[in-house]
Amino acid sequence: MVEREDKKEAVTCELVWREVSNYIEGDVDATLRSAMDAHFQTCAHCKSVLEGSRNVIQLYSDERLIDEQIVEVPAGYSRRLEKRLAQTARANRRWSSLSAWLVPVAALVLIAGGLRLANLGTHTPALKVQQVQPPNSIPPDLVVVVSTDTDSKLFHVAGCPLIHDQGKVRTLTAKEAIDQGYIPCTQCLRKYLNVSGNQGSDEDDDHDTEADAAVPGVRH
Amino acid sequence: MAEANVVLNNPELAGTMREQDLIARVQRGQSEDFYELVKPHERRVYAAALAILRNPADAEDVAQEAVVKAFANIQQFRAESRFSTWLIQITVNEALMRRRRERTVVMEAIDDRREEEAEYAPRDFADWREIPSETLERKEVRQRLADALATLDRKYREVFVLRDMEHLNIQETAEALGISVASVKTRLLRARLMLRDLLAAGWEQGWFSRLPFEKGTKPW
């Protein structure tokens, strides 16, 4: 706001010219405004300056003026702008169509991931399930032994160091052993087995080493 | 039927309704209509960017960025404000960000400040008469106004464009141009008074000769 010490005095034309723009903006204090109002009542020149300035503001505020040559836009400006917008719109459409099938795919991936995580937390029962599957890569007539003094359900090649008591074994064929519920020892029968990477690496290592092995199989 | 006649007889209203229709269509996903929505304002967008950046290449770049940003955010546009105002505000913000990023500080020359301190005395004190807005329907009148604006020094023209044509407030104009509020006020006063004198002189040369003013009077 314009501060003046002689606010109560009549304003001069020079002061009015200096403040007319602020007056139009409503940016003069009440005292100066009333002094200028009084001046405009008596001074035709200053009244002309005020109304002429208002006319200028009114005329140029019309948006049609921007459409004229007030600002010379660079050659090709409109064409480049239209092209840029078209590119943006095309990119958006591509993304929209992509997202139309990406969303369900992402949902499926999330569901599958969730199931995988759930399975990881309970993988031991899965292994147990796998252990009872019939082996299919061990010759069925291979002669094997099983321990008779322990509850171990493993069958071995004779002389396997993992046999608890070498003197207390029973001899049978691999097929018979499997039919009786025995599973192969991954130490001595390793060459017949397709041992997977999770052997001995899981947190359920309190089970037998053999029991942690991946699914063995009997060749038919 | 009566409503249709009102629209037909009022081009401005028809334009507004068409713009609202375009906005609704774009918001529903018809992105190809966005350029049609922007086209009437594309010069204004460029003018706002140029007034702040003062470099045609940067201004065009920012104008494109602003339009693309408006396109990306069209869902956020609410009918409470005019589309052009919203678009210009985005442009001004984009231009200001560009200028801050490039750290192009605009220094006020000492000579500029000295010149601004000298008072400007209006030259013409003719009787005033309000110019009807229909006057601007004549292309030659718009061209005369554009020519008058083009004769102003750049420092006055850019303040006038941002404040009186792009409708930024004084503070925003100062920030946009990197000059003080006091300088904005001084330059705005000069720009308004100089344009008033220029257009009053044009009256003498017959610019408004076919306008409905009484003989012997000027628009101010």
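Figure 1. Chain B has an average pLDDT of 79, and 74% of its residues score at least 70. For the complex, the predictor gives an ipTM of 0.71 and a pTM of 0.56. Since the model is predicted, local features need pLDDT of at least 70 and side-chain atom pairs count only at pLDDT 80 or more, whereas totals for chains, interfaces and linings use all residues. Residues are numbered from 1 along each chain as its sequence is written, while chains are lettered from A and ligands numbered from 1 in the order in which they are written.

**Figure 2. The helices of chain B.** Chain B contains 11 helices and zero strands; helices (H or I, at least four residues) and strands (E, at least two) are DSSP runs, numbered from the N terminus. Of the 220 residues in chain B, 38% are buried. A residue is buried if 20 or more other C-beta atoms lie within 10 Å of its own, exposed if 12 or fewer, and partly exposed in between, with C-beta atoms placed from the backbone. Of the contacts in chain B between residues at least 6 apart in sequence, 65% join residues at least 24 apart.

**Figure 3. The surroundings of B:Ala66.** B:Ala66 belongs to helix 5 (residues 56-72) of chain B. This residue counts as buried because 25 C-beta neighbours lie inside 10 Å. Beyond its neighbours within four places in sequence, B:Ala66 is in contact with B:Val45, B:Ile90, B:Thr91 and B:Glu94. B:Ala66 and B:Ile90 are 24 residues apart along the chain, and their C-alpha atoms are separated by 5.9 Å.

**Figure 4. The packing of helix 4 and helix 6 of chain B.** Two packed helices are described by the angle between their axes and the distance between the axes. Helix 4 (residues 42-53) and helix 6 (residues 83-102) of chain B pack at about 30°, their axes being 9 Å apart. Helix 4 of chain B is therefore roughly parallel to helix 6 of chain B; angles under 35 degrees count as roughly parallel, over 145 as roughly antiparallel, 65 to 115 as roughly perpendicular and the rest as oblique. Axes are lines fitted to C-alpha atoms, for helices over the stretch in contact, and angles run from 0 to 180 degrees between N-to-C directions. Residues making the contact include B:Val45 and B:Ala48 of helix 4 of chain B, and B:Leu87 and B:Thr91 of helix 6 of chain B. The residues of this contact comprise 10 nonpolar, two polar and three charged. Ala, Val, Leu, Ile, Met, Phe, Trp, Tyr, Cys and Pro count as nonpolar, Asp, Glu, Lys and Arg as charged, and the others, Gly among them, as polar.

**Figure 5. Helix 1 and helix 2 of chain A.** The axes of helix 1 (residues 13-25) and helix 2 (residues 30-42) of chain A come within 11 Å and cross at roughly 115°. In helix 1 of chain A, A:Val16, A:Glu19 and A:Tyr23 meet A:Leu32, A:Arg33, A:Met36 and A:His39 in helix 2 of chain A. Four residues of this contact are nonpolar, one is polar and two are charged.

**Figure 6. The contact between chain B and chain A.** The contact takes 47 residues from chain B and 40 residues from chain A. Helix 11 of chain B supplies nine residues, the largest share of the side of chain B that touches chain A.

How values were computed
Contact = placed C-beta atoms within 7 Å. pLDDT = per-residue confidence, 0-100.
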